[in-house]
4 protein chains.
Amino acid sequence: MSPLRDLRDRIDEVNEQILDLLSARGEIVLEIARDKGVRGLDGYDPSREERMLAELTSDLRGPFAAAQIRDVFRTIFRISLELQDVEHQAGLHVRRRDLVPEGGILVGAVPVGGPEPVLFAGPCSVETPEQMDAVGAYLAAMPGLVVLRAGAFKPRTNPASFQGLREKGLRILKDTADRHGLATVTEVLDVATLPIVAEHTDMLQIGARNMYNTELLKAVSRLDKPVLLKRGFMATIQEWLLSAEYILSGGNESVVLCERGIRTFEPSTRNTFDVAAIPLMKGETSLPVIADVSHALGRKDLLLPCSRAALAAGADGLMIETHPTPDQALSDGFQQLDLSDFGELVQQLGWSVGDAGTGGRFPAEPLVRAGRKLS
Amino acid sequence: MSPLRDLRDRIDEVNEQILDLLSARGEIVLEIARDKGVRGLDGYDPSREERMLAELTSDLRGPFAAAQIRDVFRTIFRISLELQDVEHQAGLHVRRRDLVPEGGILVGAVPVGGPEPVLFAGPCSVETPEQMDAVGAYLAAMPGLVVLRAGAFKPRTNPASFQGLREKGLRILKDTADRHGLATVTEVLDVATLPIVAEHTDMLQIGARNMYNTELLKAVSRLDKPVLLKRGFMATIQEWLLSAEYILSGGNESVVLCERGIRTFEPSTRNTFDVAAIPLMKGETSLPVIADVSHALGRKDLLLPCSRAALAAGADGLMIETHPTPDQALSDGFQQLDLSDFGELVQQLGWSVGDAGTGGRFPAEPLVRAGRKLS
Amino acid sequence: MSPLRDLRDRIDEVNEQILDLLSARGEIVLEIARDKGVRGLDGYDPSREERMLAELTSDLRGPFAAAQIRDVFRTIFRISLELQDVEHQAGLHVRRRDLVPEGGILVGAVPVGGPEPVLFAGPCSVETPEQMDAVGAYLAAMPGLVVLRAGAFKPRTNPASFQGLREKGLRILKDTADRHGLATVTEVLDVATLPIVAEHTDMLQIGARNMYNTELLKAVSRLDKPVLLKRGFMATIQEWLLSAEYILSGGNESVVLCERGIRTFEPSTRNTFDVAAIPLMKGETSLPVIADVSHALGRKDLLLPCSRAALAAGADGLMIETHPTPDQALSDGFQQLDLSDFGELVQQLGWSVGDAGTGGRFPAEPLVRAGRKLS
Amino acid sequence: MSPLRDLRDRIDEVNEQILDLLSARGEIVLEIARDKGVRGLDGYDPSREERMLAELTSDLRGPFAAAQIRDVFRTIFRISLELQDVEHQAGLHVRRRDLVPEGGILVGAVPVGGPEPVLFAGPCSVETPEQMDAVGAYLAAMPGLVVLRAGAFKPRTNPASFQGLREKGLRILKDTADRHGLATVTEVLDVATLPIVAEHTDMLQIGARNMYNTELLKAVSRLDKPVLLKRGFMATIQEWLLSAEYILSGGNESVVLCERGIRTFEPSTRNTFDVAAIPLMKGETSLPVIADVSHALGRKDLLLPCSRAALAAGADGLMIETHPTPDQALSDGFQQLDLSDFGELVQQLGWSVGDAGTGGRFPAEPLVRAGRKLS
């Protein structure tokens, strides 16, 4: 036997011994999970991991350096944590496969994550009762599952940009929804305004800029109201999952995820629509996932193909911005469809628009802008 | 009338005058394009633009700074160039709407860009005649449009990684294709090996790493052979278009584009699959666009939903890696499907696999590896 | 004269006319700014811009398309806004050149943005009185300008990670500072906890995850306390400036900016340290800019060269994490220096460490961890 | 003893056993490296790794899944490979600490990587003998270490952009260098033109777009001429290292690395200057590293602070573009300094400009452009 062959055989042998020890270690880890009798991350103790690493590397005699030994054991710690998760005895709430009730998460009366995809539609911002009424009437006439979306509190980059009608906008949104029997979603920006927002809508939206706002996540986790959690435009899949975990672990299990594009070097689209995030998240969790194609792309000409792509990839719904008169919109006019183009788009996607397509309800020029803050 | 109202009216007036001048300027630009009687970019003269800017900013009396005036005129130059393009009297070849012949670009006998999507399938690398025969037999038994793909020259990051069988690999590829009546595509890495590669394949692939390799682009532009141009993983849409322009403007109009993912901060997938690039490119050019979902994702579990997304977004075809025994593959084994999983995937995508699914042609253990370079 | 020459002369003529109109328009814009008699962004009216665009493109007779005309006028609007800014009659507060008082912004008694660079140092998290005392004693013995940093409220990605000692941590921080006569900075996470945090520290830190948290920005803008505004790890320079504008325009002008790395594709460092952001920001605003090299890099071996680079690029200070026993740290142990390495680093950077280098104050093993939440 | 404490003790015990096995395995790995008696990557066999993984996961009895076991062993394989490297018995050439001869790598008579930093300066493109003479005369009068850089073959994104004077440009470059006694570097674009380029210059530049062009890397590896290897603008540190490895492992050890910015989401600079890459690379390899601040930033106002940052971070030199009349440059005029600004910059960096600063050699208007290709 050649020396090389011999040495390789010895390595194979050591490999097998390491494998056996890993398996034994895995069994103990499972036993600990059972022993603690816990569900959730109570079993996870980062400081113990660090202490184990410190101990293991305190007196190394080579040939490996401490950093290398740490790498191996960090991998072992990670798969151990995964193991607890797999066994349903510990791990993240977000990994549970039973999060969504039969038929879907109810937003008002609209089930999200059930067999039928849901359309979240409406203007970027609440601007006037007339504007909202035009959209509301249009959406109410559609036979499919629809949730009215519109922002009252707007997180704008520039403090001089239109910041939303705030409380007044919430009232207009709720009035519109009540009049037309629509479910609603609107964004909440902070803990201080959470009560008033929650009072006026069926679903709370955590926007991309707030995905890391852990204090806000904890606050909505204590409410009994569905949450639409947008992916931060700089957030990894893992970070997005952990933001959902903040909400779930606080007690609120009605979370819908929303991919809305990530920031990359490509300037042709406002963001890069990460379509793979949809099946990725549906593999990582049982929560419903929708796609906000309007924000992901920032241009109207790509809405149809990318909406089709989102649904083909398994999205439970779409978010699309529509405004009676996009040219006069107070924010993001360039990416909002007028109602006629919107109707055409959703028909091409296979939704029926019912009587909505006939339009006519929204007067051509009545969008009275006088008296509004910014004009 | 308030002074503010008055001043604003004067601005409106100036705006109208600028608009009129822009229109007049546009008419002259069109006249120049006609006068020069040219097609293509001969009419584009960057140095003249710079001279105009220098002149305009040489003697400014304010209130704007030179950089600001340059910004405005650069925008004007750009829309002027676009104008020439729109009129088909000048501009990029890649913008022409008549690039693809009726029925599609022929790769061997397979029309790409016609009504039916095309499947580009095969292993990452040519390894052995037996391996290629197994894949070839499988693909040949499928009723749809199929092109066999496999690399003989491999552009590897690490010089110690398997670099491909090179000339020997080309011969195996061609033998396999001849035996099974398949069209083929394989990558060409440089000008020196272009003749030998071109001799052995129906279509030349320019890989992502070579999208900016202008000398290679110019060389393939002089051949009468279809080219599959992959998007660089760091390339903008505009740069990708201009790489295609290199090939078209050199005389070769048989170009198929291939989106294969871009590099971002997200670690869950090998690259981020930019599904919007498909409709974007189909808007910018009339060339066919396919999606290499294997490289875009780098994991098998997302192939089905993302392939569906690509087709829904308008892709003219898909590229999917398949290998008889992925675990033994010499490169990228982790992202290659075995033939059975591959057959299942394409069936779920709606392709018929005909007799291919029966398999049985590929022997279980005959992949004789002895004597090969790296084992 | 050739027709081409003639046509080009006509274009030159039109260019000159457009230039004259632009100058005239610029003068009116300045007059409006003066007429409104305003300072700040009150003069900026996005909806008026949209109305102008709508009007200009409502009745186009060609040859340009509406989108092209919009592009030109958007550029014109932008340089007009810049013009107002340049003239100091309108524009962003953040552009003012007189923001920093003679000698710098005072954090406690430490001037930031004055002639001498400031060292913001301390552990990632407040953990125990003993840990803080060890750091505090070390820093207090250094002769240079030092601010003690340590987190009491920690914005952690994972809800199961250590979230900070919160109120208890604030008290330990303040006690340590009082005992050693140090100025402090600590992070504030939301509006609800802002009062308690503000009460315990000399400077409020807005972390990278909260740079877009406009409600929090507005809240700190109403306080009379310096703010350390970190750049979001996916924030453009422009967005960062506008976040500072939120604070300044609300009335708080004591803002220090902190570059801390951006998220890119490169995995070798935790983030990519954007050293050019330092001179960029110092060109865009007169606010002080420091660099958090610990978070930018996430590894200790690059701290010295990158700290040198930051200072060479003009940084007004550095933030460096140090911990008496990094191996036992409850968060980010891998990137925190122990006090001895820290002392060596700052000496190599040219700071004097005075008596601090003698150490000895921090007991070797007394970090009693019993009873703490997570161990 | 509580059951939890007991279970944890058992885990600690297993950890110790795994650690012992890792150490034993490491010793065998070192023995193999010695046994093979090889230097370089001959000892690296990816297919053997795959076979080991296949074997280890072929018959798992739980509780871990195959993918988890693979993760652990892939980490073990990686640290084993690192181990061989550390021991200098195997591993990458690029890791050797003895690559640079005493005093530095000679480019002509200029030592790069020695005690004194080197300035690589000159225009983006060779345009005319007069232009080059003006730059050459200026640089030759400087007392420090200078290499003249200028492109004859230009890799342009747009096929209609100026592609360089090619062979004619090479002759002008060489004439200029001969007349003024300067060392030169110029870019080579492909294997076909490599001989002619190599004949006319002291150092070959591999540009960012060609960093992945393995055929070109192999070709220059066979020459006895120093190579300036730029980092691809989307290349990781590891990929850049492996591109250098292509050159080194082919026999050419005179490689100088050049950081020139990476592509990110930030639009304020042309690229994001990754200053940490300088110390990172100097830690990973002993090759000299310089910084091309002109391309990294794409704007003149940041050249001084970022050049200072590069030198402070340990750069062995800088590359800065300078042109007698940037406004008339045929490429990248916006980022090239005129000779006077260039002289001022390098003086501020601490270089002496000797008689160069007096200028006067370059005539004010003689840059005869008539007859040139693009005007």
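Author: Start with burial. A residue is buried if 20 or more other C-beta atoms lie within 10 Å of its own, exposed if 12 or fewer, and partly exposed in between. Bear in mind that this is a predicted model.

Reader: What makes helix 7 of chain A largely enclosed by the rest of the structure?

Author: The count of buried residues. Helix 7 of chain A covers residues 214–221, and six of these eight residues are buried, so the helix is largely enclosed by the rest of the structure. The six are Thr214(A), Glu215(A), Leu216(A), Leu217(A), Ala219(A) and Val220(A).

Reader: What is the overall make-up of chain A?

Author: Chain A has 12 helices and 10 strands. Of its 375 residues, 55% count as buried. Its domains are domain 1 (3–91) and domain 2 (105–358). Their centres, taken over C-alpha atoms, are 42 Å apart.

Reader: Now chain C. In what order do its barrel strands close?

Author: The order in chain C is 3-4-5-6-7-8-9-10, eight strands with parallel pairing. The twist averages 25 degrees from one strand to the next. Within chain C, strand 7 (residues 227–230) and strand 8 (residues 255–259) pair in the parallel sense over four bridges. There Leu229(C) stands opposite Leu257(C).

Reader: What makes the relation of chain C to chain B that of a two-fold axis?

Author: The turn and the shift. Chain C can be laid on chain B by a turn of 180 degrees and a shift of 0.1 Å along the axis, with an RMSD of 0.1 Å. That is the relation of a two-fold axis. In chain C, the C-alpha nearest the axis belongs to Phe265(C), at 2.3 Å.

Reader: How do you know that the copies meet through the same surface?

Author: Compare the interface residues. 100% of those of chain C are also interface residues in chain B, so the copies meet through the same surface. The contact involves 42 residues of chain C and 42 residues of chain B. Helix 1 (3–36), helix 2 (46–56) and helix 3 (66–86) of chain C each give two or more residues to that side. Helix 1 of chain C gives the most, with 24 residues. The side of chain C that touches chain B divides into 23 nonpolar, eight polar and 11 charged residues.

Reader: Why does Arg166(C) count as partly exposed?

Author: Buried needs 20 or more neighbours, and exposed needs 12 or fewer. Arg166(C) has 16 C-beta neighbours inside 10 Å, so it counts as partly exposed. The residue sits in the loop between strand 4 (146–149) and helix 5 (167–180) of chain C. Arg166(C) has a positive phi of about 55 degrees although it is not a glycine.

Reader: Last one, in chain D. What makes strand 10 of chain D covered on both faces?

Author: Gly317(D), Met319(D) and Glu321(D) on one side are buried, and so are Leu318(D) and Ile320(D) on the other. Strand 10 of chain D pairs in the parallel sense with strand 3 (residues 118–122) of chain D over five bridges. Three bridges join strand 10 of chain D to strand 9 (residues 289–292) of chain D, also in parallel. Met319(D) is the bridge partner of Phe120(D) and of Asp292(D).

Definitions and conventions:
Residues are numbered from 1 along each chain as its sequence is written. Chains are lettered from A and ligands numbered from 1 in the order in which they are written. This is a predicted model: local features need pLDDT of at least 70, side-chain atom pairs count only at pLDDT 80 or more; totals for chains, interfaces and linings use all residues. Two residues are in contact if their C-beta atoms, placed from the backbone, lie within 7 Å. Ala, Val, Leu, Ile, Met, Phe, Trp, Tyr, Cys and Pro count as nonpolar, Asp, Glu, Lys and Arg as charged, and the others, Gly among them, as polar. Two strands pair if DSSP finds at least two bridges between them. Copies are superposed by least squares on the C-alpha atoms of residues with pLDDT of at least 70 in both. Domain bounds come from an automatic or database domain assignment. Axes are lines fitted to C-alpha atoms, for helices over the stretch in contact, and angles run from 0 to 180 degrees between N-to-C directions.
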